[in-house]
Amino acid sequence: ANFSAADKQKYTVLYQNAIKTKIIPAYKRMGDFLEKEYLPKARDTDGINAIPNGSNIYTYLAKSWTTTNLTPDEINKIGLREVAMLRAEMEKVKTQLGFKGTLEQFLVSLKTDKKAMPYKTPEEVIAAFNGILKKIEPKLPTMFSQSPKTPFEIRRTEKFREASASAEYKPGSADGSRPGIFYTPIPDATQYNVTNGFESLFLHEAIPGHHYQVSLQQENMEIPKFMRFGWFGAYGEGWAHYTETLGPEFGLYTDPYQKMGYLSDQMLRAVRLVVDTGIHTGKMTREEAIQYYLNNISDSEEGATAAIERYMAIPGQALGYKIGSLKFLELRAKYQKELGKKFSLAKFHDEILNQGCLPLSVLERKMELWAKKQ
């Protein structure tokens, strides 16, 4: 705002020149390389199993990303079981909404169902997210004794990047001077569809998902820096995915469209177990994986293709979310049963979060020691 007219002109010209003489030519060189050198030498198979020693590599990657000893075949079976369970839950919502066709037809119909798109302006979307926060805040102390000191904000994704951005959480600074921020892109509020995840999205990306886990970890001066700022996807994403399941205890998912948003978020992570292991063990082609994705998730073909190609490019990465979440659910059920009246959900959550990201196998041992002290 305080630039002079001459400064504005100067930097406008500098930016334009940089784009024309540096950025565009660099993209052109990359495009030429991909088309003329890379693509002719690229393999036409889909999974990592097709390269030398690929099956062993994938078994290692599955263990590495999940921080468990589960084999690709075991993970695939877990995925198929979870998909079947979630399809049954989706069928109940379909019946509740009076839809007469197949589940696949129901998923397609949700893309254009105006009742799933209740907002008219970006301000209404942000207000709705703030409404979720207001609703869950009184119940947070019953689930957590410790809460982050780092401030928290909900913001619309900036216009310059929202056309291609996803909803996301940006951690605050360790000293709390910069807040943790939940960003949501709203290129067109009238098309903001809650069945793609809304209440569940907030729990996952914001509170008590990533904001609680990351902030408490960064604020913990009793653990070394490699743990304060470390990351294991199976734990970090598994925790965020697990917090989605707390929705009913927070009084969320009472609206059928919001319930479908929750089930869709759960289904996405379950489908990943099936398609990631399917592609990289040779059970599924790229095209079969895209179709399987579309049969179970309300998304466009472009969205499905982008997702499947992500899983092809980073074998095993997508396995951590659901495997981690299931481990947290398993531990909660185990100690609720074993401890009975001595079980405190707040103490359970505090113990899980008080040392930051851990491999799931280490977390299991940690929780065993905790349970003995109760």
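Apart from residues within four places of it in sequence, arginine 332 is in contact with Tyr242, Leu246, Glu249, Phe343, Leu345 and Phe348. The model is predicted, and the description that follows should be read as such. Arginine 332 belongs to helix H15, which covers residues 320-339. Its relative accessible area is 13%; buried means under 20%, so arginine 332 counts as buried. One of its contacts, glutamate 249, also takes part in a polar contact: the side chains of arginine 332 and glutamate 249 come to 2.8 Å.

The next element is the sheet. Three strands make up an open sheet with mixed pairing, and their order is S1-S3-S2. Strand S1 (152-156) and strand S2 (168-170) are the edge strands, each pairing on one side only. From one strand to the next, the twist averages 25 degrees.

S1 and strand S3 (residues 180-184) run parallel and are joined by 5 bridges. Within this pair, arginine 155 has tyrosine 183 of S3 as its bridge partner, and isoleucine 154 stands opposite phenylalanine 182 in S3. S2 and S3, by contrast, run antiparallel, with 3 bridges between them. Here tyrosine 169 is the residue that stands opposite phenylalanine 182 in S3. Phenylalanine 182 therefore has isoleucine 154 opposite it as well as tyrosine 169, given that strands pair through bridges.

How much of S3 is buried? Of its 5 residues, 5 are buried, and the strand is described as mostly covered. The cover extends to both faces: Gly180, Phe182 and Thr184 are buried on one side, and Ile181 and Tyr183 are buried on the other.

Helix H5 (residues 122-136) lies across S1 and S3, and its direction is at about 155 degrees to S1. Helix H9 (residues 210-219) also packs on the sheet, where it touches S1, S2 and S3. The direction of H9 makes about 20 degrees with that of S2.

Isoleucine 223 is buried, because its relative accessible area is 9% and the cut-off for buried is under 20%. Leaving aside neighbours within four places in sequence, its contacts are Gln217, Arg228 and Gln355. Glycine 356 lies 133 residues from isoleucine 223 in sequence, yet their C-alpha atoms are 8.5 Å apart in space.

A helix pair remains to be described. Two packed helices are described by the angle between their axes and the distance between the axes. For helix H3 (residues 72-96) and helix H4 (residues 103-110), the angle is about 65 degrees and the axes are 10 Å apart. The crossing of H3 and H4 is left-handed. Which residues meet in this pair? H3 contributes Arg87, Met90, Glu91, Val93 and Lys94, and H4 contributes Leu103, Glu104, Phe106 and Leu107. By type, the residues of this contact divide into 5 nonpolar and 4 charged, with no polar ones.

Key: Residues are numbered from 1 along each chain as its sequence is written. This is a predicted model: local features need pLDDT of at least 70, side-chain atom pairs count only at pLDDT 80 or more; totals for chains, interfaces and linings use all residues. Side-chain values use heavy atoms; hydrogens and water are left out. Two strands pair if DSSP finds at least two bridges between them. Helices (H or I, at least four residues) and strands (E, at least two) are DSSP runs, numbered from the N terminus. Axes are lines fitted to C-alpha atoms, for helices over the stretch in contact, and angles run from 0 to 180 degrees between N-to-C directions. Contact means heavy atoms within 4.5 Å. Buried means under 20% relative accessible area, exposed over 50%, partly exposed in between (1.4 Å probe, protein chains only). A polar contact is a pair of N or O atoms within 3.5 Å; within protein, one must be able to donate a hydrogen and the other to accept it, and residues adjacent in sequence count only if both atoms are side-chain atoms. A crossing is left-handed if the near helix is turned anticlockwise from the far one by less than a right angle, and right-handed if clockwise. Ala, Val, Leu, Ile, Met, Phe, Trp, Tyr, Cys and Pro count as nonpolar, Asp, Glu, Lys and Arg as charged, and the others, Gly among them, as polar.
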